[in-house]
Amino acid sequence: MTPARLFSARSRTMFEGMGHWASSTQAGLKPSQPPPRQVSPRLLSVSCADLVKHQELPGKKPLSEKKLKRCFVDCRRVLVCGGNGGAGASCFHSEPRKEFGGPDGGDGGNGGHVILRGAQCFLSGHLTCWPRESMRLCGGCRGCCQVLVVFPLTWHKRDVDQQVKSLSSVLSRYQGFNGEDGGSKNCFGRSGAVLYIQVPVGTLVKEGNRVVADLAHLGDEYIAALGGAGGKGNRFFLANDNRAPVTCTPGQPGQQRVLHLELKTVAHAGMVGFPNAGKSSLLRALSNARPAVASYPFTTLKPHVGIVHYEGHQQIAVADIPGLIRGAHQNRGLGSAFLRHIERCCFLLFVVDLSLPEPWTQVDDLKYELEMYEEGLSERPHAIVANKIDLPEAQANLSQLRDHMGQEVIALSAVTGENLEQLLLHLKVLYDAYMEAKLGQGCKPLRW
């Protein structure tokens, strides 16, 4: 293919030559003869444009980090296929002065499994850099390690995936690695590498309507598809009554399954409230998370998790759940998609808008929606947070809210930062009670 730069240079030279030819021709013609029709340079320009069209288009630009964060996926249908087993070999030993060497066909390798692994800070994609130790051991051959995805010993910023909080990095189909066929001289085929699919912690694995796995903790694994067994070579069929078997078996196909992955956000505290109650503003004030904030409802369409730091390197994860509406347990306003993220929260923060009349009805409606969605969900340890105390109409509603609720109400302003210290102290009290209860039951508490 001619480069466009060379073509443009040639076309310019051609235009100049045509101009000289036209001037010399017109000079040699008689006045009575009409001048010859000049070739329009527009035809050549069209052909140049056609050539540019046939050139290869540049590759697709990768998505920016800002666009990747918008792609929040909490439900995914995945087809997983285990690797096929390698076929056994049928051959006989051949050596000089050894006429009847006997069968020496090796068995085929087993197919690789496909395993789901819950990871909190897992790496990008499905191909990662390898540890230096394993590179020294096997000389850079990935098959010797028998694992496709391995955590590197040295963490780099470029290895961190920007989509660890959702299932957007999970593909719709995964195929395990096949085992190699057996060879002569009793050589067995190499088994296929294990394929690990990294999913966020809190992923629920379903097959049909049945829950088959719950990856609720860091490092939990589930074998999604088994690899096929390798075939047998003719050496396997050697017996006293059959000294020269020629039989060999093919490898078994890998297991195929259709799984549905559902993500439920894992956090210590979950902020529950109606739209425009100020949950996102409160999360921005408590942590370094930066969810979108605007003056219209349903600004938040996906849960955001912020980390609150305390002394002694203690961290509390606070989740901003999108706003609920009345009838959310009947899936109104995507209620079911939002409510399932509250199931993993250890304790709740009911965020109330004090600027609205009768704010205690907001708490009653929220508890009703949680109880109708899952029995006992509204009875978890919680705190009532009255937001927007900086507005003038909120002062009159605060005393009425405390009288109707009969419990402590934390009045604050997420915009001005007024009384945020009281919420931080109460949040630490709820966290300590949760840790004490889990350790008393002999369970492993959630740590960030």
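Strand E1 (residues 75-81) and strand E8 (residues 256-263) run antiparallel and are joined by seven bridges. The model described here is predicted. Its chain holds nine helices and 14 strands.

**Five-stranded sheet**

- E1 and E8 belong to an open sheet of five strands, which follow the order E3-E1-E8-E5-E6.
- Pairing in this five-stranded sheet is mixed.
- At its edges are strand E3 (173-175) and strand E6 (210-215), each of which pairs on one side only.
- Neighbouring strands here are turned against each other by 25 degrees on average, with direction ignored.
- Within the pairing of E1 and E8, Leu 79 stands opposite Val 258 in E8.

**Three-stranded sheet**

- A further open sheet consists of three strands in the order E4-E2-E7, again with mixed pairing.
- Strand E4 (195-200) and strand E7 (221-225) are the edge strands; each has a single partner strand, so one side of each is left without a neighbour in the sheet.
- From one strand to the next, the twist of this sheet averages 30 degrees.
- Strand E2 (residues 114-119) runs antiparallel to E7, and four bridges join the two.
- Leu 116 has Tyr 222 in E7 as its bridge partner.
- In general, the strands of a sheet pair through backbone hydrogen bonds, in either a parallel or an antiparallel manner.

**Helix H5**

- Helix H5 spans residues 279-286, and its buried residues are Lys 279, Ser 280, Leu 282, Leu 283 and Leu 286.
- Viewed down the axis of H5, these buried residues fall within an arc of 160 degrees, so they line one face of the helix.
- An α-helix has 3.6 residues a turn, so residues three or four places apart point the same way.
- The cover over the buried residues of H5 includes strand E9 (269-272), strand E10 (304-310) and strand E11 (314-320).
- Strand E12 (347-353), strand E13 (382-387) and helix H9 (420-440) are also among the elements covering the buried residues of H5.

**Whole chain**

- Of the 448 residues in the chain, 41% are buried, where buried means under 20% relative accessible area.
- Among contacts with a separation of 6 or more, 72% are between residues 24 or more positions apart.
- The chain exposes about 25,400 Å², and carbon and sulfur atoms supply 54% of that area.

Terms used: Residues numbered from 1 in each chain as written. Predicted model: local features only at pLDDT ≥ 70, side-chain atom pairs only at ≥ 80, totals over all residues. Heavy atoms only, no water. Pairing = 2+ DSSP bridges. Axes fitted to C-alpha atoms, helices over the stretch in contact; angles between N-to-C directions. Buried < 20%, exposed > 50% of the residue type's maximum accessible area, 1.4 Å probe, protein only. Arc of directions from axis to C-beta. Contact = heavy atoms within 4.5 Å. Areas by Shrake-Rupley, 256 points an atom, 1.4 Å probe, with all protein chains shown as cover.
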